[in-house]
Amino acid sequence: MLGGQGEAGTGPAFPISLIVLGAFASHHDFLAFRDMVSDIPEVLGIWPAFISKNMSEWRLETSNNSQALARELSKRRFKGMTLHIVQTGVELIVATF
């Protein structure tokens, strides 16, 4: 079920861990979430690190800091629901849907 997607970036990149609290109903949902995040212009790459029943962890490389990415994520909708940012740190974002 795990599959990565990324691009080679130029310039500075910020490594960020994105922890998502919520269950993917199917492999299609998993891919749709990955694609939704990778469509954010600042995201240079996204790779799944861990997936369990009600949580997933993703590794992101971005051209912006975690606070800017968290603001952009909070504007996105997944499965008809807004992503809620629970916590933001220097290299960590925790979100739920």
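In strand E4, glutamate 61 is the bridge partner of proline 15. This pairing belongs to a predicted model, in which eight bridges join E2 to E4 in an antiparallel arrangement. E4 also runs antiparallel to E3, to which seven bridges join it; one of the pairings there sets valine 43 against threonine 62. Three residues separate E3 from E4 in the hairpin that the two strands form.

The largest nonpolar core holds 21 residues, and Leu18, Phe33, Val37, Trp58, Leu69 and Leu73 touch the most other members. Two or more residues each come from E2 (14-21), H1 (27-38), E3 (43-51), E4 (55-62), H2 (66-73) and E8 (92-96). H1 gives the largest share, four residues.

Tryptophan 58 is buried, with a relative accessible area of 0%. Beyond its neighbours within four places in sequence, its contacts include Ile16, Leu18, Phe30, Phe33, Arg34 and Trp47.

The structure contains 10 aromatic pairs. Two of them are set out below.

| Pair | Centre to centre | Angle between planes | Class |
|---|---|---|---|
| Phe24 and Phe97 | 5.9 Å | 40° | tilted |
| Phe30 and Trp58 | 5.2 Å | 25° | stacked |

Phenylalanine 24 lies in the loop between E2 and H1 and phenylalanine 97 in the segment after E8, so their pair ties together parts 73 residues apart in sequence. Phenylalanine 24 is buried at 14% relative accessible area, and phenylalanine 97 is buried at 17%. The pair of phenylalanine 30, in helix H1, and tryptophan 58, in strand E4, links parts 28 residues apart. Phenylalanine 30 counts as buried because its relative accessibility is 0%. Ring pairs join Phe24, Phe30, Phe33, Trp58, Phe78 and Phe97 into a cluster.

Terms used. Residues are numbered from 1 along each chain as its sequence is written. This is a predicted model: local features need pLDDT of at least 70, side-chain atom pairs count only at pLDDT 80 or more; totals for chains, interfaces and linings use all residues. Side-chain values use heavy atoms; hydrogens and water are left out. A nonpolar core is a set of buried Ala, Val, Leu, Ile, Met, Phe, Trp, Tyr and Cys residues joined through side-chain atoms within 4.5 Å. Buried means under 20% relative accessible area, exposed over 50%, partly exposed in between (1.4 Å probe, protein chains only). Contact means heavy atoms within 4.5 Å. Two strands pair if DSSP finds at least two bridges between them. Rings of Phe, Tyr and Trp (its six-membered ring) pair if their centres lie within 6.5 Å; planes under 30 degrees apart count as stacked, over 60 as edge-to-face and the rest as tilted.
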